[in-house]
Amino acid sequence: MATAAIFSSLRRRRSPSLEAFLAPVDLNEVALLQTLAAVAADLVTCFSGNSTFFQRRNSRSLIRKIEVFLVLLDYLKDAYGGSVSSLPPNAVVCLKELYLVLYRSKILLDYCVQSSKLWLLLQNQSISGHFHDLDQEILTLLDVFPFGDVILSLDVREQIELLQRQARRSKLHIDKNDETLRFQFFSFLDEFENGKIPPESNLRFFFVEKLGISDAKSCRAEIEYLEEQIVSHEGDVEPPASVLNGFVAIVRYSRFLLFGIDDREEPEFVHSTSSHKKQRRGLISQEIADTFVTIPKDFCCPISLDLMHDPVIISTGQTYDRGSISRWMEEGHCNCPKTGQMLSNTRLVPNKALRNLINQWCLAHGIPHDDAPEGPDGAASASTSSPEPFAAALPTKAAVEANKATSAFLVKHLANGSQGEKTVAAREIRLLAKTGKENRGFIAEAGAIPHLRDLLSSQNPVAQENSVTAMLNLSIYDKNKSRIMDEQRCLGSIVEVLRFGLTTEARENAAATLFSLSAVHDYKKKIADEDGAVEALSRLLRDGTPRGKKDAVTALFNLSTHSENCGRMIEAGAVAALVAAMGNDGVAEEAAGALALILRQPAGAAAVVKEDAALAGLIGMMRCGTPRGKENAVAALLELCRCGGMAATEKVLKAPALAGLVHSLLFTGTKRARRKAASLARVFQRCENGNAAEVRLSGYSRAVYAGGANVAPTRDSSFVGDVSVRMAISVPVL
């Protein structure tokens, strides 16, 4: 990616500094000639026999020029004993400029060798322009070099003069054959744009005969490279991202049309269930496992401590995630959370440089990343905010039509193919469902859901994992939620994968699917009533990986928002699992939020009181938790007092250090936390009875209540409004 990043700066007509090209080298008078000769010789050796598929003439012309410079450098090295101390000063300056020209040449040639064929074709005119720019730089260098003041043999001088004459005559060269192919590629886009599908013979002639893309693997590599450019260039790309998405869709369709579903691709993954757990590093697990690398500290929001999606700069110069700092300001804070400085204004300036770095880091580690701004409340539901790394731009009609045709093709093989073909088709559906709600709609409309449901029961771990992940991606689209829930045995099959899935990733993705589906209120009761669903989520919360725990706790939180699920969650052991989860920083916030909702039911309060660690866990979160965690913890304690009876209230009253924590929340907590703390103080005040032990607490409660007297005493009318859980982590698109 380094070469692409540097070439990107060339493409934007910015000249990188010397340090951008390589590690610093010694360009003093002693080493200059040797360094230049070594660089030139390396270029000639690497590229003289390494013909590029496109830009052949421009590449060969540049290499021939470098060969002449190598002759010049070798002669100067011999004539001056490897030292430039005897050369004229302006000659030394020209030689240092030659160093930059050589490395610009290396970057451009590397780019042509390493880039995909289709990308080079689309950039044909731009890259030809860069070769011409280098020709002009070489001509300028030859014109200002003081050849008359240096010692040169006759044959070397003749070669230099010939090179000068050729450089003066050089013009921008754009290969006509390459341009013809580029126009043909755009013609396919136009055909799809007009609702027509190009004939298979035309696509075969273009991809196979002209470009030499002769198998599905090569075609997939082209798709991946184009997708990478859409992400890495962040809108600064020509053609624009919307058009590139159209080309990606056309290449994907052509891949399946020309090469079919190749079930020989499927053995790339490890099939053995026993060895799978230890060493499987296939495509699916790679996408998920790499998300647990350590996130650089500078990429995390100081408020939420999560990877930033939309970093913004406030007036103090500090950077925060937009959703987090927006909530901070909405809660009435006028100071910087990190420095404590008062804000001169509330303007949020996008930190594009940091966002680009985050995007590149996520791309390098295979981590899906949504760089779209969060909603005004900073929360994102499974159906409205999911990572869309390749669909930032609105899809063109060409992309829509091509993806629609691809969806129908894949579903056909998912229904009627061999076992290997079904596995590959499920994987491709999973990948296609990453790229926007339109594709998710096409796939479901083509009839994929019942066939994916059947594949959920496969004894092939890869097939099962592909199908449940595809189901997860499809479920993000609102209309597909009802299709999945209405499909006979589909919910039960997802729960079976959650309970008995052959891989960890399959079980985790099944949990994430239940979370996605439970975003619809009417489905929460149905999911909770499904045999073994809540038990399996509770088990995953206790024993799962960090990602599995996150999937489980968010699903349980959603289920807990339905009042009729309380008894089922108690019976299934969810309360005990949520209490234990408060000791895990990664899921404590959501666990406390779910408990606060369960505590609204008397049966839920009774179940929580029986858990010895519950009260200590909530108080510990009030002491050391995140702002949202503290908010949820004090809300849970308040509900425990309201619904747990006098015994529970007295137990909370006597908890050590609670007085100071409530008092602290009244002044430093979020708006909701301050309101809940004041309400808790009023509950304590009502419980005064003259007991000596309680007199002390009564005095405390009066002081606390006085401090919070300006907080509105009314209870929220919204059932879920009393707890705050960050849901943007909800459903990963895999």
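The model is predicted, with local features requiring pLDDT of at least 70 and side-chain atom pairs counting only at pLDDT 80 or more, while totals for chains, interfaces and linings use all residues. Residues are numbered from 1 along each chain as its sequence is written, and side-chain values use heavy atoms, with hydrogens and water left out.

## Overall make-up

The protein holds 36 helices and three strands, where helices (H or I, at least four residues) and strands (E, at least two) are DSSP runs numbered from the N terminus. Of its 734 residues, 56% are buried, a term that stands for under 20% relative accessible area, with exposed meaning over 50% and partly exposed in between (1.4 Å probe, protein chains only). Among the contacts with a separation of 6 or more, 74% join residues 24 or more positions apart, contact being defined as heavy atoms within 4.5 Å.

The table lists two helix pairs, with axes taken as lines fitted to C-alpha atoms over the stretch in contact and angles running from 0 to 180 degrees between N-to-C directions.

| Helix pair | Angle | Axis separation |
|---|---|---|
| H16 (residues 397–416) and H19 (residues 448–455) | about 40° | 9 Å |
| H29 (residues 588–598) and H32 (residues 627–643) | about 25° | 8 Å |

Angles under 35 degrees count as roughly parallel, over 145 as roughly antiparallel, 65 to 115 as roughly perpendicular and the rest as oblique. H16 and H19, at about 40°, are therefore oblique to each other. The contact is made by Val411, Leu414 and Ala415 of H16 together with Ala448, His451, Leu452 and Leu455 of H19, and by class it has six nonpolar residues, one polar residue and no charged residues. In this classification Ala, Val, Leu, Ile, Met, Phe, Trp, Tyr, Cys and Pro count as nonpolar, Asp, Glu, Lys and Arg as charged, and the others, Gly among them, as polar.

H29 and H32, at about 25°, are therefore roughly parallel to each other. Residues of H29 in this contact include Glu589 and Gly593, and those of H32 include Arg628, Asn632 and Glu639; the residues of the contact divide into five nonpolar, three polar and three charged.

## Leu455 in helix H19

Leu455, which lies in helix H19, is buried, with a relative accessible area of 5%. Leaving aside neighbours within four places in sequence, Leu455 is in contact with Leu414, Gln419, Lys422, Ala426, Ala463, Gln464 and Ser467. The C-alpha atoms of Leu455 and Ser493, 38 residues apart along the chain, are separated by 9.4 Å.

## Aromatic rings

Rings of Phe, Tyr and Trp (its six-membered ring) pair if their centres lie within 6.5 Å, and planes under 30 degrees apart count as stacked, over 60 as edge-to-face and the rest as tilted. By this rule there are eleven aromatic pairs. In one of them, Phe206 and Phe207 are edge-to-face, at 4.9 Å centre to centre with 90° between the planes.

## Two residues with positive phi

Most residues other than glycine have a negative phi. Gln55, in the loop between helix H2 (32–47) and helix H3 (56–79), has a positive phi of about 60° and is buried, with a relative accessible area of 4%. Arg489, in the loop between helix H21 (478–486) and helix H22 (490–500), has a positive phi near 65°, whereas its side of the comparison in accessibility is that Arg489 is exposed, with a relative accessible area of 52%.
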